[in-house]
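User: I am new to this structure and would like to work through it in questions and answers. Could you show it first, so that we can begin with a charge and a ring?

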Amino acid sequence: MSKNVPKRAAERKLRDVTTVQAPPQSPTVTTRPIDLVCEHCGEPAGATATAVCAECLGPLVPQYDPDRRLPGAAEIAGREGSLWRYREWLPFEGAPALSRDTGWTPLIDAPALAERLGVERAWIKNDTVSHPSLSFKDRVVSAAINAAHGLGCEVFACASTGNLGNAVAAHAARAGIPAVVLVPADLEPSKIRATTVHGAHLIRILGTYDDVNRLAVQLADRYGWGVANVNLRPYYAEGSKTVAFEIAEQLGWRLPSAVIAPMAGGSLLSKLYKGFNEFVDAGLVEGPLPRLAGAQATGCAPIARAFERGSVTVEPVVPATIARSLAIGAPADGVRALAAIRGTGGTAAHVSDEQVVEGIRILAETTGVFGESAGGVTAAVALALADRGWFTPEDEVVLTITGHGLKTPDLVAVDEEATTPVRPRLKEVADFAKTLIDRTAQGAF
């Protein structure tokens, strides 16, 4: 009897969360999630908080009307500066009810990095300033929370390695919707704080992300929560395409020759492929698709290793890396990511934790962008590919940097000499500054 008490208490707590109602001032629904269809058997599923086909267990995907009106470049350019400027390619009808200001992050010219990579041009797609939680995950959550609201989900939730939890908490707080975030217990304290500060119900799980994700699936099934990356996944994942859309538009309606992106579950890379293809199909851009390169840390590189083996399947691994935002050992979209890489003549690579930290530093020193561990992975893989001769001197390369470095500041060690206090005397300060400048060979005083 006593053994069941903790379990019953936990179940009561979960039931209590599910009964919390959104406040009456929540926005009136002005958008409707479109119907879903099975990608494998073609069985229609309607508009629903479900990711799996009831007939064949295949993945459900949005069923876009092939005859829907699509805007031209001039019309898109005249719209608001958010991801909703591409609303005809997102799985909703009508205007979004929530999170209307996410997306449209800068594409930054990076000549010093281009020189380092040996390419004609390098750009940073800077989602470190994505609104409101400073990561790429704001895009997918913007889509997911509109799906949750439109489908009447009373609780908005996710399984997270950090950034997704931050985004779910922030978007839910703005919408007045209760949020539950499940994370591995060893998640960085800074990311835990960035979730709980928004009032989200955070639950730390003693296990890996894959344990967390399994529990999120069970919670979605039992309690009917809108779990962003589980039962709302068909809507959620489409938000990733907007990175491709923005790159194409910000380059003047043309495509780069290569894009480097981090891989956790693999969804971003697969949706970049889908997004670029959709703009080509719409006649908004021309030419060959960019070669897609997937970046992982060696301690959790199931997709990159599958690519190295020439495999079409991905073998799960147990994560062991400082790049915790990418630490998904059983990537849900790994097979799709492999198809996107191979379909563009791309590649995949993995780098050590030491290279990740160096990548963070080089990215900041050459571009002024402070990326978290995933950004370090992306930069380090780009540098490794340059060393291998994968780039050509004519290449125009985009690095997608998906989260702000202030989310993982402890990864970058402090230069103790640079922080040594100096007396407030002009000559002492000037001499000390000259020593530092000469030591790093960055210029003359």
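User: At what distance from the ring centre does R291 lie over the face of W390?

Analyst: This is a predicted model, in which local features need pLDDT of at least 70 and side-chain atom pairs count only at pLDDT 80 or more, while totals for chains, interfaces and linings use all residues. Residues are numbered from 1 along each chain as its sequence is written, and side-chain values rest on heavy atoms, with hydrogens and water left out. A charge sits over a ring if NZ of Lys or CZ of Arg is within 6 Å of the ring centre and within 35 degrees of the ring normal. R291 lies over the face of W390, and its distance from the ring centre is 4.4 Å.

User: Over the ring of which residue does the charged end of R85 sit?

Analyst: The charged end of R85 is placed 4.0 Å from the centre of a ring. The residue that carries this ring is W104.

User: How is the aromatic pair of W390 and F391 arranged?

Analyst: Rings of Phe, Tyr and Trp (its six-membered ring) pair if their centres lie within 6.5 Å, and planes under 30 degrees apart count as stacked, over 60 as edge-to-face and the rest as tilted. A search of the whole structure finds 10 aromatic pairs. W390 and F391 form an aromatic pair with 5.4 Å from centre to centre and 70° between the planes, and the arrangement is therefore edge-to-face.

User: Is F391 buried or exposed?

Analyst: Buried means under 20% relative accessible area, exposed over 50% and partly exposed in between, with a 1.4 Å probe and protein chains only. The relative accessible area of F391 is 9%, so this residue counts as buried.

User: Which residues do ring pairs link into a cluster, and where does W253 lie?

Analyst: Ring pairs link Y86, W89, F245, W253 and F279 into a cluster. W253 has a positive phi of about 60° although it is not a glycine, and it counts as partly exposed because its relative accessibility is 21%. Helices (H or I, at least four residues) and strands (E, at least two) are DSSP runs numbered from the N terminus. By that numbering, W253 lies in the loop between α9 (241-250) and β12 (258-262).

User: Which end-to-end distance separates the C-alpha atoms of helix α10?

Analyst: The expected span of a helix is 1.5 Å times one less than its number of residues. Helix α10 (residues 267-281) has 15 residues, so it should span 21 Å, and this agrees with the distance between its end C-alpha atoms, which is 21 Å.

User: Against which elements do the buried residues of α10 pack?

Analyst: The buried residues of α10 include L268, L269, L272, F276 and F279. Contact here means heavy atoms within 4.5 Å. The elements that the buried residues of α10 pack against are α8 (233-236), α9, β12, β13 (291-297), α12 (334-343) and β15 (396-401).

User: Which residues are linked with E238 in a network of salt bridges?

Analyst: A salt bridge is a side-chain nitrogen of Lys or Arg within 4 Å of a carboxyl oxygen of Asp or Glu, and by this rule the count comes to 26. The side chains of E238 and K241 meet in one of them, at 2.8 Å from N to O, and both residues are buried. In the network, E238 is linked with K241, K271, K274 and E278.

User: How many residues apart in sequence are the parts that R336 and E39 tie together?

Analyst: The side chains of R336 and E39 meet in a salt bridge of 2.5 Å, N to O. R336 is partly exposed, with a relative accessible area of 32%, and E39 is partly exposed at 43%. Because R336 lies in helix α12 and E39 in the loop between β2 (36-38) and β3, the distance in sequence between these parts is 297 residues.

User: What is the omega of the peptide bond from H131 to P132?

Analyst: Most peptide bonds are trans. P132 is found in the loop between β7 (121-126) and α4 (137-150). The peptide bond from H131 to P132 is cis, with omega near 5°.
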